[in-house]
Amino acid sequence: MARPIVIAALLLFLIGCTTNAPLSLDDQLQTVITQYGLTPLDPGPTPDPTAVALGQALFFDKLLSGNRDISCATCHHPTLASGDGLPVSIGAGGRGLGTERIVGYRRGFIPRNATELFNRGVPEWRTMFWDIRVAVTDDGQFISPADDMLPPGLDNILAVQAMFPVTSGAEMRGAYGDLDINHSPNELSLYNEYEFNEMWDTLMVRLLANPDYVALFTAAFPAIPTNELGFQHAANALAAFEIDAFTLLNSPWDRYLAGETAALSATQKRGALLFYGPAGCANCHAGNLLTDQQPHNIGVPQVGPGKGEEAPLDLGRARELQGQYGRFAFRTPPLRNVAVTAPYMHNGAFSTLATAVVHHLDPTNSLRHYDETQHLPPYLWGTWQNRETLLIDMLLTLDPAINRKRTLTDAELSDLLAFLDALTDPAVHQLDHLIPASVPSGLPVADTR
């Protein structure tokens, strides 16, 4: 009887050893993935090719701007990871592309950074813009600056977002009394900022005066008579193109979530565990989109021109709520392709991903020791608002999710950055095929100086 007892004891010992053995990186990550309910992204419905074709033409056509001098692509360019590479964008009246772009005569900067456009067709999206001025409610109602003036028939929240850049004087519409590139009056500049329907109707007059656009609209919306077309149809087409062009689902992280365990290196797996663990990133960069889509004050240095009556400050979400709530709070950005979408934050305050991450780990120290000369181009030096009362105000209202120092070793920081790099789809570097040779208006597609 002694031998079975010895064997049983040995088996129990071995089982105990196995049970107490450290989990592999993959086992740990699978636990995290289950805990957070992470899955591969659902890209949403496939857009109609005729709507995509119309949207591509609109996206690159400067006819949508008051002065016929800027297109959607100017600030969301395929070769610049669907952004413009600038801390704060340069809109109407500017010349050039990306970091070569210059401000036009007697013009200013757009207050905020141009967001990337990746994966905006995913059904999980509920909010748009840094200040969440566009959103969709649980029952499918759209919230926007146009309120009841927003026309019916918009396909999704991305289409709602597309309605507004053309109405912004700084972004695309131009300033009162402007002449366009042909030295003709800019009829869009005659409206005030809240005359949305008048601006949208005027743009449709422009577009439908062009036979090529009439043909494109007819192909995309065959059931709608030409005289019943509105700018919401143009916005639907713009959204269809952006979804078709910028839905990128082949990053190493996406492949790992789909079951390809070899898609991530050991370094990237350790970084993922930090992201969802001690580094605290997933507190806000949550879910499959890597954003909770909510506003947070994370103590971002106030740099750039500022926005509205509060300039040179930008109060963020509080501007939309017209109160004290949401001061200095901006929507959590999604992180896919984040390694190639510098500079970072709503105003491009950090020029590298590493410094942006370090700011998250210790926002108090980062804010108080911010050096604009290390992060901003010279033309924005002197815009950092660093008076003591402001810094105290910002720090007292830091979001609880970030209001404590988190310490990572250099090796851990390197691992975390490696994971963030694993969110990059290689196709992001090969998007120049999206640029058409020409657009129906005949206006130049390229942005030159």
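**Exercise 1.** Which residues in H11 meet which residues in H17?

*Before you start:* this is a predicted model, where local features need pLDDT of at least 70, side-chain atom pairs count only at pLDDT 80 or more, and totals for chains, interfaces and linings use all residues. Residues are numbered from 1 along each chain as its sequence is written, and side-chain values use heavy atoms, leaving out hydrogens and water.

*Solution.*
- Step 1: look for contact, meaning heavy atoms within 4.5 Å.
- Step 2: from H11, take Thr267, Gln268, Arg270, Gly271, Ala272, Leu274 and Phe275; they meet Glu412, Asp415, Leu416, Ala418, Phe419 and Leu420 of H17.

**Exercise 2.** Find how the axes of H11 and H17 cross.

*Solution.*
- Step 1: find the helices, which are DSSP runs (H or I, at least four residues) numbered from the N terminus. H11 covers residues 266–275 and H17 residues 410–421.
- Step 2: axes are lines fitted to C-alpha atoms over the stretch in contact, with angles from 0 to 180 degrees between N-to-C directions. These two come within 7 Å and cross at roughly 95°.
- Step 3: roughly perpendicular covers 65 to 115 degrees, and H11 and H17 are therefore roughly perpendicular to each other.

**Exercise 3.** Describe the pair Trp253 and Tyr256.

*Solution.*
- Step 1: rings of Phe, Tyr and Trp (its six-membered ring) pair if their centres lie within 6.5 Å, and planes under 30 degrees apart count as stacked. The count comes to 21 aromatic pairs.
- Step 2: the ring centres of Trp253 and Tyr256 are 6.0 Å apart and the planes at 5°, so this pair is stacked.
- Step 3: both residues lie in helix H10 (residues 252–257), three residues apart, about one turn of the helix.

Notes:
Phe/Tyr/Trp six-rings, centres within 6.5 Å; stacked < 30°, edge-to-face > 60°. Parallel < 35°, antiparallel > 145°, perpendicular 65-115°, else oblique.
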